[in-house]
Every structure is written in structure tokens, then in C-alpha cells.
Amino acid sequence: MKYNIHTHQPHREADTLAILNQNIEKVDFTIPHFSLGIHPWYIESSLIQEQLSWLEANINHPNCLALGECGLDKKIEIPLPLQEEVLVEQLLLAEKNKKAVILHVVSAYQEIIALKKRLNITVPLLVHGFNKHQQVAESLWKNGFYLSFGSALLRNKKVQDTFSSVPKDFVFLETDNDTTSSIADVYAKAAELHPNIEQVVESNFKRVFKNE
């Protein structure tokens, strides 16, 4: 069994469990595995409280495996304090409901680490689409964050080196929004760097998502 921890594309691959990131404005609750969250790109001040209330009402749907994606992005125009406000509310909601969180993080890794410490978050936090160097990776996994690697692993030597350096208890794989590469492609490259990657990711998945 392969596990695609984060995708925006409907699942079509055999022998794969995929977590589909859903737009909370249009959710299909019949999808077997999905995540729900307020992405920092789409924050609208007038909708925040309504969306948070909706999330709280639906986060424990049996097919919802995680809260997200949510996070911080310093390269967008939405003010960082507002992004942090929305993220904090979602992290507290995840903590209350014991849900893993799939994070979108751009140029805000130290802020994410600081938030985890300040709020004393104990649920699993997964940084999706990780493509940074080993120093950033080390600062994250040493603070308990999981790192999910996607299509950048196929062609970026820096990302491959980073992947090889991360303790495998903190590793996941994904396709995100890539329509040109499959999760099988990502697994094949990961297997060149770690021959037991299927067993590693399966073990991590069952531990983080309590999926036996």
C-alpha cells in the first residue's frame, strides 16, 4: 500500500490511500479520505468565523483524516498577523479534536516552530511539499514536525540530500497539485534513497493517523 499524504487531484491509483485536500466551500463527504482547512491564500476576514465554526462542526467526520492545509506564507499579500490568527484557531481546533495538521509553510519556518511551542501543540504537524535544505529540515524534525516530500524529490539533488538526512520516522510522500508525476513515481525515487520506504511511510501513517 502506498500513501499519498496530500493531493489536490482525485485519487485514481490502485493500491494507494490518498488524502484529498478539499475546498471547504465545496466538500464531497463521500470521498474516502480527505483533509479540511483554511488555506492562507484564501483567507477572507468576513468569512473567518463562519468557516471556523463550519470546520469545528465537520472536523470529526469519519472520512476527514486531518485539518489542513493551513499555515503561513510570507510571499502573499494577506498580512502575516491575520494568517497567524487564523492558523492559531485551527491549531487549537486540531488539538481539541486530536487531529493531525497538514501545513503550508513559505518562508515562515521559525514562526511555525514558535507557534507550536507557544501553544504547546501535541498533535502531529506535517509540513507538506518540503523542498528546503537540510538545516531547515533538521530544525523542523527536531521540534517534532513531520516532512512530506513531493515531486521535487524526482529532480532536485538538494531535496534528495535533505530527504536522505531526515530520520525516517518523520517522513511522508505526496503529489500535491502535480499532474505530471504519480505517487508511484515519488515512491520509486524515494526507494532509491531508502529501500524500505514503503514500510517506513506505512508505519508513520498508521502512527500519525491512527489508521490500523
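Predicted model: local features only at pLDDT ≥ 70, side-chain atom pairs only at ≥ 80, totals over all residues.
## Briefing: helices, pocket and backbone features

The buried residues of helix H2 pack against helix H1 (48-58), strand S4 (64-73), strand S5 (100-106), helix H3 (109-119) and strand S6 (125-127).

**Helix H2**

- Helix H2 covers residues 80-97, and its 18 residues reach 25 Å from the first C-alpha to the last, which is close to the 26 Å expected at 1.5 Å a residue.
- The buried residues of H2 include Leu 82, Val 86, Leu 87, Val 88, Leu 91, Leu 93 and Ala 94, and among them are also Gln 83, Gln 90, Glu 95 and Asn 97.
- Just after H2, Lys 98 adopts a positive phi of about 55 degrees.

**Helix H1**

- In H1, the buried residues are Ile 48, Gln 51, Leu 52, Leu 55 and Asn 58; seen down the axis of H1, these buried residues fall within an arc of 135 degrees, so they line one face of the helix.
- Gln 49, Glu 50 and Ala 57 are exposed, and they are carried by the face of H1 turned away from its buried side.
- Strand S3 (34-36), S4 and H2 are included in what covers the buried residues of H1.

**Helix H6**

- Helix H6 (residues 157-165) has Val 159, Gln 160, Thr 162 and Phe 163 as buried residues, and, because these fall within an arc of 160 degrees when seen down the axis of H6, they line one face of the helix.
- Those buried residues of H6 pack against helix H4 (134-141), helix H5 (152-155), helix H7 (183-193) and helix H8 (197-209), as well as against strand S7 (146-149) and strand S8 (171-173).
- The N-terminal end of H6 is capped by Asn 156, with a side-chain oxygen lying 2.9 Å from the backbone nitrogen of Lys 158.

**The largest pocket**

- The largest pocket holds about 720 Å³ of space, and of the 33 residues that line it, the closest to its centre are His 8, His 39, Trp 41, Glu 69 and His 104.
- S2 and S5 are the elements that give two or more residues to the lining of the largest pocket, with the largest share, 4 residues, coming from S5.

**Backbone features**

- Most residues other than glycine have a negative phi, and most peptide bonds are trans.
- Gly 68 and Glu 69 are joined by a cis peptide bond, with omega at about 5 degrees, and Glu 69 lies in strand S4.
- Asp 15, although not a glycine, has a positive phi of about 55 degrees; Asp 15 belongs to the loop between strand S1 (2-7) and S2, and is partly exposed, with a relative accessible area of 48%.
- Ser 107, a residue other than glycine, likewise has a positive phi, near 55 degrees; Ser 107 sits in the loop between S5 and H3 and counts as partly exposed at 36% relative accessibility.

- Thr 16 is found in strand S2 (residues 16-22), and because its relative accessible area is 10%, Thr 16 is buried.
- Leaving aside residues up to four places away in sequence, Thr 16 touches Met 1, Lys 2, Asn 4, His 11 and Ile 183.
- Pro 32 lies in the loop between S2 and S3 and counts as exposed, at 52% relative accessibility.
- Pro 32 and Ile 19 are 13 residues apart along the chain, and their C-alpha atoms are separated by 8.3 Å.

How values were computed: Residues numbered from 1 in each chain as written. Heavy atoms only, no water. Buried < 20%, exposed > 50% of the residue type's maximum accessible area, 1.4 Å probe, protein only. Contact = heavy atoms within 4.5 Å. Arc of directions from axis to C-beta. Polar contact = N/O pair within 3.5 Å; in protein donor to acceptor, adjacent residues only side chain to side chain. Expected span 1.5 Å × (residues − 1). 1 Å grid on protein atoms, 1.4 Å probe; cavity = no way out; pocket = protein on both sides within 12 Å on 5 of 7 lines; lining within 4 Å. Points joined across faces, edges and corners; volume = space filled by probe spheres on them.
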